[in-house]
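Dear colleague,

I am passing on a structure to you with this email, and below it you will find a description of what turned up in it. Please keep it open beside the text while you read.

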Amino acid sequence: MFTGLHVPTVEASLLEIKQDGSTGNRVRITKETLIGRIDCDINRSADSLLSARHASLSLRGEKLHLRDLDSQNGTFIKQRQDTELASGDVFLIGRELFRFHVQASEDNAAETEGTRVMMGMPNLQPPPPSAKLERIQLNGSVVETFDLGKPETTLGRTKGDLVFKNDPYMSGTHARIVEQSGRFILQDLKSRNGVYRRIRTEIELQNGDEFFLGEQIFRVELKVS
C-alpha cells in the first residue's frame with residue numbers, strides 16, 4: 001500500500017575535539033544554536049578569544065549552516081579539498097595566520113596624450129595578476145609580506161619557499177599555493193594538523209567537517225534517516 005513519499009530527516013550533532021585529539025561532549029543541534037562566551041547555547045566563558053556571541057548553527061531542511069556573527073577573531077573551517085583563494089581570504093597553517101591578496105596588473109602601455117604608434121601586432125592577452133601573502137596577527141596587523149611570483153609556493157616548517165622553523169604545529173611541507181591561469185589554488189599537502197580557512201559569512205557544513213573558533217574545535221556529525 002502506497003503511504004506517500006519518504007521525507008528524509010537529518011540528525012545533526014557537534015562533537016567537541018580536545019587539544020590532545022581526544023573527543024569530549026556531544027551536542028545535538030535541533031534549533032539555532034549560538035556559540036560564544038556569554039549567554040549562548042554552547043558557552044565557553046573562559047575562552048578569551050571568543051566573542052560574546054561568536055557564531056551560530058542552524059538546521060534548515062536537510063542542511064546544516066554555520067554563520068560567523070561578526071566575531072572579532074573569526075570562525076575557521078578545516079579544508080578538505082583544494083580550494084581557490086579569493087583576495088582577502090584568511091587561512092591558518094600551524095599557528096601562522098595568513099591573508100591572501102591578488103591584484104590585476106595595470107596596463108603599463110596605457111594611452112598618453114596624442115596618438116600611439118602601433119609597432120607590430122597588439123598584445124591582446126592581459127598581463128598575469130600579481131599576488132602576495134601577508135602573515136598577520138589576530139588583530140589583522142601585518143607582520144611580514146611575501147610576493148607570490150612563482151607558479152608554486154610551498155609553506156612548511158623544514159622545507160619549502162616559505163619556512164617557519166619555530167612553529168611545532170606546522171608539518172615539514174604543510175601546504176602549497178599554485179597559480180593556474182590567473183587563479184590561485186590552496187592545497188593541503190597531507191599535513192598533520194590541516195589547513196583552516198576563515199569563513200566570510202555563512203557556509204553549509206558536511207558530515208565530518210571540522211571547524212574552530214577561539215580555542216574550541218568541533219566536528220560535525222550528520223545522520224540522514
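A residue is called buried if its relative accessible area is under 20%, and exposed if that area is over 50%. Please bear in mind that this is a predicted model.

With that cut-off in hand, we can begin with histidine 65, which has its place in strand β6, residues 63-68. Because its relative accessibility is 13%, histidine 65 counts as buried. Leaving out residues up to four places away in sequence, histidine 65 touches Ser56, Leu57, Ser58 and Arg60, and also Glu202, Ile203 and Glu204.

If neighbours within four places in sequence are set aside, leucine 205 is in contact with Leu57, Leu64, Leu66, Ile77, Phe211, Val220 and Leu222.

Strand β7 (residues 75-78) runs antiparallel to β19 (residues 210-213), to which three bridges join it, and here isoleucine 77 has phenylalanine 211 as its bridge partner. Strand β7 also pairs with β17 (residues 195-198), again in the antiparallel sense and over three bridges, with phenylalanine 76 bridged to arginine 198.

There is also an open sheet of five strands with mixed pairing, in the order β8-β16-β15-β13-β14. Why is one side of β8 and of β14 left without a neighbour in the sheet? Both β8 (83-84) and β14 (162-163) stand at the edges and have a single partner strand each, so one side of each has no neighbour there. For β8, two bridges make an antiparallel pairing with β16 (residues 183-188), in which threonine 83 is the bridge partner of leucine 186.

Finally, please look at the largest pocket, which holds about 950 Å³ of space. It is lined by 35 residues, and Gln19, Leu92, Gly94, Arg95 and Ile217 are the closest to its centre. At least two lining residues come from each of β7, β9 (90-93), β10 (96-103), β19 and β20. Sorted by class, the lining consists of 15 nonpolar, 11 polar and nine charged residues.

With best wishes

How values were computed
Residues are numbered from 1 along each chain as its sequence is written. This is a predicted model: local features need pLDDT of at least 70, side-chain atom pairs count only at pLDDT 80 or more; totals for chains, interfaces and linings use all residues. Side-chain values use heavy atoms; hydrogens and water are left out. Two strands pair if DSSP finds at least two bridges between them. Helices (H or I, at least four residues) and strands (E, at least two) are DSSP runs, numbered from the N terminus. Buried means under 20% relative accessible area, exposed over 50%, partly exposed in between (1.4 Å probe, protein chains only). Contact means heavy atoms within 4.5 Å. On a 1 Å grid over the protein atoms alone, a cavity is a set of points where a 1.4 Å probe fits but cannot get out, and a pocket is an open set with protein on both sides within 12 Å along at least five of seven lines; lining residues have an atom within 4 Å of a point. Grid points are joined across faces, edges and corners, and a volume is the space filled by probe spheres set on the points. Ala, Val, Leu, Ile, Met, Phe, Trp, Tyr, Cys and Pro count as nonpolar, Asp, Glu, Lys and Arg as charged, and the others, Gly among them, as polar.
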